[in-house]
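Dear colleague,

Please find below the structure that I am handing over to you. My findings follow it.

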Amino acid sequence: MQYETKILTTKYQKPDAYGALSMPVYYTAAFEFESAKAMGDAFCGRSMAPSYARIANPTTTYLEERVRQLTGAVSVTALNTGMTAIHYALTAVSAAGLNIVASKHLFGNSVSLLRDTLGTFGVEARFADFTHLDEVEALIDDKTCALFFEIITNPQLFVADIKRLANIAHQAGVPLIADTTIVPFSTFRSVDFGVDIEVVSSTKYISGGGTGLGGLLLDYGRFDWSQSPSSALQARTKKVGKKMAFTARVKTELVTNLGGLMTPQVAYMETLGLDSLDIRFRRQAETTLWLAKACQQLPGIKRVNYTALEDNPFYELSRAQFGPLPGAVFTIDLASKQAAWAFIDNLQVIRRATNLFDRKSLAIHPASTIFGLFTAEQCAQMSVLDSTVRLSIGLEAQEDLLEDIRQSVEKSSVSLG
């Protein structure tokens, strides 16, 4: 089946008693069993029946199965935020004394998770510019348990060569973990480029309307976990095989012990979001490209950054990896931080809010918000500029969005003299 058909035809785990066309929301904490044996089988993983809603829920499992069939992953775990998905992915592969080689151009909270949270537990974060592969390669040693990066960085919009990264990782016996949130899996198949583990903030494209927080963790079953320096993963390879140890640790340890499973209410809303994911993305991304080109002609805007623009330094690589529509977000640079703030304050259609890929267009000043607790020196090292405004483009009419940007730039210029 083609993607558009497959997305609408995934069957339920069990037939619904009333033939509901939308998967029901199972508002329950616990499930009744026919016998003590059936209960024991569920709790010990010998059956697929849900044991307790902290560990599995039919509505959440249905979302996981839909994503699994769409992507070709061997397993999908739906969690309560994108940050939870990143946390579980990195925790599953790491241990005290090991290191993770990560992009220095990550989202702010991903940096602090690596540097502060995991660092507290003895996991070393080694940051490199992933657009310079020699830097990455130089940091890998026999204690490296993963490479972690964003396929297009937020908000810098830098693009790494994913296939070459995968080759470096796999030659060293290291898994490649990618945050692919910025381009949905309806357009970009990360497994085709060598990604082993994929994390997605489903709050973004899949939810579509900012109605709920969610994250997805996908395992493509390609990596041999017997190569991992993690003793926990090595032990699991003896029980479940070399390719399923990561999933086994996530499903039977992290989900159970940390309690981050996606709620059935959010899973239901994101299941509905999947239905229109591809058509929404294409409309939003087409508008983004149109706007980015138009903004290049507006006086007062110093720079427009979108990797589908032909003068962008990542244009060729971006097109080869993501096609002509690399996401629905672009950035503009104005004369100063004051100009950027004035521009945001003068917007009338575009909303002043965080989040990405809502149906509504959103504007934010990353340096003072997402990276607001980092020092000026740290921001400079991560290429986060005071002059940058990030624009996430929604479903409004192209002309109305352009007019809002134009009038805001003009008013900002006048107010700042």
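Where is the place of Ile-140? Ile-140 sits in the loop between α6 (133-139) and β4 (144-150); helices (H or I, at least four residues) and strands (E, at least two) are DSSP runs, numbered from the N terminus.

A word on conventions. This is a predicted model, in which local features need pLDDT of at least 70 and side-chain atom pairs count only at pLDDT 80 or more, while totals for chains, interfaces and linings use all residues. Residues are numbered from 1 along each chain as its sequence is written, and side-chain values use heavy atoms, with hydrogens and water left out.

Ile-140 counts as buried because its relative accessibility is 18% (buried is under 20% relative accessible area, exposed over 50%, partly exposed in between; 1.4 Å probe, protein chains only). Apart from neighbours within four places in sequence, Ile-140 is in contact with Val-101, Leu-147, Ile-168, Ala-172 and Val-174, where contact means heavy atoms within 4.5 Å. Asn-99 is 41 residues from Ile-140 in sequence, and their C-alpha atoms are 8.6 Å apart.

Strand β6 (residues 197-201) has 5 of its 5 residues buried. In a regular strand, side chains alternate between the two faces of the sheet. In β6, Ile-197, Val-199 and Ser-201 are buried on one side, and Glu-198 and Val-200 on the other. Strand β5 (residues 176-179) runs parallel to β6 and is joined to it by 3 bridges, with Ile-177 opposite Ile-197; strands pair if DSSP finds at least two bridges between them. Strand β7 (residues 215-219) is antiparallel to β6, with 5 bridges, and its Gly-215 is the bridge partner of Ser-201.

Tyr-52 belongs to the loop between α2 (36-43) and α3 (58-71) and is partly exposed, at 36% relative accessible area.

For the protein chain as a whole, the secondary structure comprises 15 helices and 12 strands. Of its 417 residues, 56% count as buried. Among contacts with a separation of 6 or more, 72% are between residues 24 or more positions apart. The C-alpha atoms fill a box of roughly 75 × 55 × 35 Å along the principal axes. The radius of gyration is 22 Å, which agrees with the value near 22 Å for a compact globule of 417 residues (taken over C-alpha atoms; the rule is 2.2 Å times the number of residues to the power 0.38).

Yours sincerely
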